[in-house]
Amino acid sequence: MRIELEKRPKISTLFSILSPFIALILTIIAGAIMFMLLGKNPLDALYSFFVEPLLEVWSLHELAIKAAPLILIAVGLSVCYRSNNWNIGAEGQFIMGAIAGSILPVVFYEWHSPLVLPLMLLMGMLGGALYAGIPAFLKAHLNTNEILTSLMLVYVAQLFLDWLVRGPWRNPDGMNFPETRTFAAEAILPELLSSGRTHWGFVFAILAAILVWFMMRYTLKGLEISVLGQSERAGRFAGFSSRKMIWFSMMLSGACAGLAGIAEVSGAIQQLRPVISPGYGFTAIIVAFLGRLNPLGIIAAGLVLALTYLGGEAAQLSIGVSEKVTRVFQGLLLFFVLSCDTLIHYKIRVIWSKLGGTAVDGGH
Amino acid sequence: MSIVEAILLTIITASTPLVLAALGELVTERSGVLNLGVEGMMIMGAVCAFAATQMSGSPYIGILAGIASGALFSLLFGFLTLTLVANQVATGLALTILGLGVSGMIGEGFVGMSGIKLQPIAIPLLSDLPYIGSLLFRQDIIFYLSIALVVGVNWFLFKSRAGLRLRSVGDSHASAHALGINVIRTRYLAVMFGGACAGLAGAQLSLVYTPQWVENMSAGRGWIALALVVFASWRPWRLVAGGYLFGAVSISQLHAQAFGIGIPSQVLSALPYLATVVVLILISHNRRTTLINTPASLGKPFVPDR
């Protein structure tokens, strides 16, 4: 058996729309097989994984809480990836945003003012943007590979947070637990609805998605991003600077990740702990690709990936499979998304018989 | 055994997985493929090696399982990037994410079990040499393999015909294709070699370095291995130097703690990652030398025309 690709004369619009859905279906099929191998009834398992979390109001709120950081980070990443800048350190920028935003409620906890919350959010964005500025500077001016540097800085950020909450920022009245003091009321991002815990982070995520969608579609900046991403040379001829684009895209995605970080801490956790993210920064990479790097697609994709987090917890409770299934699902999904994207640019032909190929070779 | 010897021994143990994983990736990248999934293949190797050792009772079966799982796992990457020409950066990330997830699931039943440590093999006569005898010739088989592989890969790449073909595929896949070299097959083999080496590196972690299974126990070593390839400018012997330098940095935190130096442990733990960044800066700030050394087709997809 052989697989041959034939370049389509034009990008297939049909498959551009269909490919994420095909990927989802394939992931679910693969998931069913996996549950079968684990000795569970696949239908029960899929039901508790993908449907159960959608049936109750509180868990819909949890869905929004988990989707918010995923969407916000992925929207920023989409700009990076479209312009061919591979920021994979969003997890670190998320953490640094959370830390920078927490300076006010942890260090200056005695300062009470309605300005606290807006300042926290701004500082969170700034923290994330500056942290992303490190790989941006290194790439733009010292020619250093941003994939590796941004990833290395994730580990550094995690260790820095660990040191802060065990050392200088540890709650003096906290019985030696590695936590900061809990935030005062005016430092907490308010809930959106009276029915549950969803906070304003979700609104930020949707707003960011719409703003970036608008920028990509209707502004010169959007054109600049796609032109430079497709061909740096073409971009240079058009007078665009790839160096400035590195700075712009990395700082923008850093700011988004930082905002996600401080929103998560202020809205959902309300203090700093050694671990504040179940890998949102990495999962957001999957969200960005499942959403086909389109901010509006990313909103839907963020909800799907948030569901895999909830589904993992639900499946653990109701049918006793490990919640580690979540990571497997997320990885499989990204694989299928990437393989289905091939359909957009190529026709895939599967050649079953070996004879055709060997006959041609033999003719030489 | 003196303190110096003990420290050198731990450095060797910490460096071997870095050298192995980076060596595999070096061959993969020389063929023009950038596989960012080293971390994922490594952790799969670690968990499969540990599981196979526990079930069979023999760490040698474990080593084979580690190699096989790494190679098989890399095939997934190969299929996507070589057959379906998916984006190599994104697919490599997917491999890492999937590897961390699958290994967590496989390893769940093995958490907390005490493993079987791979025993050293003393080489007759040589192991009796003063100083270097106990350091270099009383080691486990994975260390010997790592050195043999470096020698072998160096010979293969620069002295053999097949190695020349592999390099030509990495430098210009279009020309290599025109010369009748099967680009896709060459790259599949290179990717699988990279996977096998990463799997072996993982086996070293769970059978020698810390003979047990801990989730995410590769702790970024796969990524450091990727940086090492750049550091070594795609040459095997420089890679050994870099690998041992990094091994020394990463082990220094343990020794610094033992000597009671008053630096927060987190700072010491961050050292290998910071060192990676610094080294990358030093190596790549000169745009011209980077361009000369990097395989010219690295990361670029290839679709044979017909």
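Helices (H or I, at least four residues) and strands (E, at least two) are DSSP runs, numbered from the N terminus.

This is a predicted model: local features need pLDDT of at least 70, side-chain atom pairs count only at pLDDT 80 or more, and totals for chains, interfaces and linings use all residues. Residues count from 1 along each chain as its sequence is written, and chains are lettered from A in the order in which they are written.

View 1. The unreviewed UniProt entry marks residues 92-111 and 141-158 of chain B, among others, as "transmembrane region". Such annotations may be inferred rather than shown by experiment; feature names are shortened, and positions follow the numbering used here. Residues 141-158 are 100% helix, with end C-alpha atoms 26 Å apart. Residues 92-111 are 80% helix and 0% strand, and their end C-alpha atoms lie 27 Å apart.

View 2. Chain B holds 13 helices and two strands. Its C-alpha atoms fill a box of roughly 60 × 45 × 45 Å along the principal axes. Of its 306 residues, 49% count as buried (20 or more other C-beta atoms within 10 Å of the residue's own, with C-beta atoms placed from the backbone).

**View 3. Where chain A meets chain B.** The contact takes 38 residues from chain A and 40 from chain B. Two residues are in contact if their C-beta atoms, placed from the backbone, lie within 7 Å. On the side of chain A that touches chain B, β1 (2-7), α6 (116-142), α7 (146-166), α12 (280-290) and α14 (325-345) each supply at least two residues. α14(A) gives the most, with 12 residues.

Notes. A residue is buried if 20 or more other C-beta atoms lie within 10 Å of its own, exposed if 12 or fewer, and partly exposed in between; C-beta atoms are placed from the backbone.
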